[in-house]
Amino acid sequence: MAFINGKRIDSGAPPVPVINPANGGTVGTLAMCGPQVMTQAIDAAAGTDWGNALAAERELVLIRMADAVERHRSDLVGLLIDEAGSTFGKAHFEVEFTAAMLRSAAGEARRIFGHVMPSDVPDCLSFCLRRPLGVIGAIAPFNYPFLLGTKKVCMAIAAGNTVVLKPSEETSLIALKSAEIFHEAGLPAGVLNVVPGDGAILGGVLLSDPRVKMISFTGSTRVGRLLAVECARQGKKITLEMGGKSPVIVLKDADIDYAVRTAAFGIFIHQGQICMAGSRIIVEAPVHDRFLERFVAKAKTLKMGDPHQPDTVIGPLIRAEQGVFIAERIAASVSKGARVLCGGGHQGNFFEPTVLADVTADMEVFRDELFGPVASVVKARDADHALELANDSCYGLSSAVITNDLNQALRFAQGLESGVVHVNSSTIEDHPHAPFGGVKDSGMGREGGQWSMEEMTETKWITIQQGQRAYPF
């Protein structure tokens, strides 16, 4: 089943059940798509005239899409809980943020600016403008499927592009539902097309088709690297938002209770299944023990269970195999000296909120992205050591430093090897109009506001000669 040219189409494949990760029930059925359907979607995206739509038209459609999201809030929240395993609070946040993001994209439709430049030739007007790329292939993950899928879509169409969205196999119902909502809100047929299916197969079609001018990917570092290599071969643009092992640094002057609340939110929201989760908590030695005691106490209060309940903090992992992977990494680190102070157990898709102490840089939990509710607390000798530990990672997506010392705040803000730094806030932070993205193995390129407009357009230089130019022959 796919959404192409304004309507759902049958993929021709047998439907398979979509499983609720919290209770094992069936959310619905979905027939995955093959290469022919993906080509059909690209045909539809390439066949529209959306690139010539007025900025005012794109703006109005995006505003109507935002209004439609709010009208369909209950349906979208329900799907996010049942298909993606989102908790009640996270699902509501995701819908609210997505509506805000659509309105932000509407504003960007009028902010795609060019430049007039001095010319070295007499009587010559020299200027540049930005034009849409054409068809953009968007690949979205399972953890924030509505938010991250729509983030790629709304910025692309604000710039005048059309989109073929390949959602995660685990959260394709949400993508199909959102496409229907956007079409009903007035998005013309063919501007957004959604094709669920195997990533390796469908991604290959997106990469090989010359009409697809750019790939916008959010997902694992391993897959992102493969896509980058192939895009280089094919001459396509690409933006990558990949893995993370984000540090939270608690300096000795920090308000410890605030630091505990901030760090807990950063690692335990959505069961830690967030690329910018603050999974490495680096604490200066003078306040380490006090922080650790209060942080463990906080983790023990977090309710795990039915994600439909508003007070549930820890819901299910997307799949049970992830719990096995996390447990193996914890065990390997314990064998090297780490201590489990709370949690560590798992049953089915549920993994207890876990705090590890005495974590060192040679342990798996310090290095590997676990994508689960596991906080690794690391003791730093001093601020210099804390910065060294924070940067001792192949990742560089988000980071946070908790301090009341302005000099230290500025020092860490500039010294952290990270695409995003938050002072006195969580690593989990995004704004619709801000440049979001990472360095090192966390990605390249930026999404959000004017940065998306720059990534998703190309610059065209134009000159207009007034009168006749003199040539040497």
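Visitor: Which residues does Val250 touch, not counting residues up to four places away in sequence?

Guide: The model is predicted, with local features needing pLDDT of at least 70, side-chain atom pairs counting only at pLDDT 80 or more, and totals for chains, interfaces and linings using all residues. Residues are numbered from 1 along each chain as its sequence is written, and side-chain values use heavy atoms, leaving out hydrogens and water.

Val250 touches Ile256, Ala259, Ile281, Ile282, Val283, Glu284, Phe291 and Ile402, when residues up to four places away in sequence are not counted. To touch is to have heavy atoms within 4.5 Å. Val250 belongs to the largest nonpolar core, which has 94 residues. A nonpolar core is a set of buried Ala, Val, Leu, Ile, Met, Phe, Trp, Tyr and Cys residues joined through side-chain atoms within 4.5 Å. Buried means under 20% relative accessible area, exposed means over 50%, and partly exposed is in between, with a 1.4 Å probe and protein chains only.

Val250, Phe268, Phe291 and Phe295 are the members that touch the most other members of this core. Helix H5 (residues 145-158) gives the core its largest share, nine residues. Helices (H or I, at least four residues) and strands (E, at least two) are DSSP runs, numbered from the N terminus. There is also a second, separate core of 26 residues, with Ala41, Val164, Val212 and Leu240 among them.

Helix H5 comes up again with a charged residue. Lys151 forms a salt bridge with Asp430, and the closest N and O atoms are 2.8 Å apart. A salt bridge puts a side-chain nitrogen of Lys or Arg within 4 Å of a carboxyl oxygen of Asp or Glu. Lys151 is in helix H5, while Asp430 is in the loop between E21 and strand E22 (439-440), so that the pair links distant parts of the chain, 279 residues apart. Both Lys151 and Asp430 are buried.

The whole structure has 24 salt bridges. One of them joins Glu180 and Arg8, with 2.6 Å between the closest N and O atoms. Because Glu180 lies in helix H6 (residues 172-184) and Arg8 in strand E2 (residues 7-9), this pair ties together parts 172 residues apart in sequence. Glu180 is partly exposed at 23% relative accessible area, and Arg8 is partly exposed at 35%. Lys90 and Glu94 form another salt bridge, with the closest N and O atoms 2.6 Å apart. These two are four residues apart in helix H4 (residues 88-108), so about one helical turn separates Lys90 and Glu94. Lys90 counts as buried at 3%, and Glu94 is buried at 0%. Asp43, Asp209 and Arg211 are linked in a network of salt bridges.

Strand E21 (residues 422-423) holds His422. His422 is buried, with a relative accessible area of 15%. Leaving aside residues up to four places away in sequence, His422 touches Ser398, Ser399, Ala400, Val401, Thr427 and Glu429.

Next, the backbone. Most residues other than glycine have a negative phi. His270 is not a glycine, yet its phi is positive, about 50°. His270 lies in the loop between helix H9 (256-268) and strand E13 (280-284), and it is buried, at 0% relative accessibility. Asp123 also has a positive phi, near 55°. Asp123 sits in the loop between E5 and strand E6 (124-132) and counts as exposed at 53%.

Strand E5 (residues 115-117) contains Val116, which is exposed at 67%. Val116, Leu125 and Ile464 make a nonpolar surface patch of about 280 Å². Patches are made of residues with over 30% relative accessible area and no salt bridge; like charges are joined within 9 Å, and nonpolar side chains (Val, Leu, Ile, Met, Phe, Trp, Tyr) within 5 Å. Accessible areas come from the Shrake-Rupley method with a 1.4 Å probe, and for residues only the protein chains shown count as cover.

Last, the cysteines. The structure holds zero disulfides, a disulfide being a pair of cysteine sulfur atoms within 2.5 Å. For Cys231, the nearest cysteine sulfur is that of Cys275, 19 Å away. Cys231 is buried at 1%, and Cys342 is buried at 8%.
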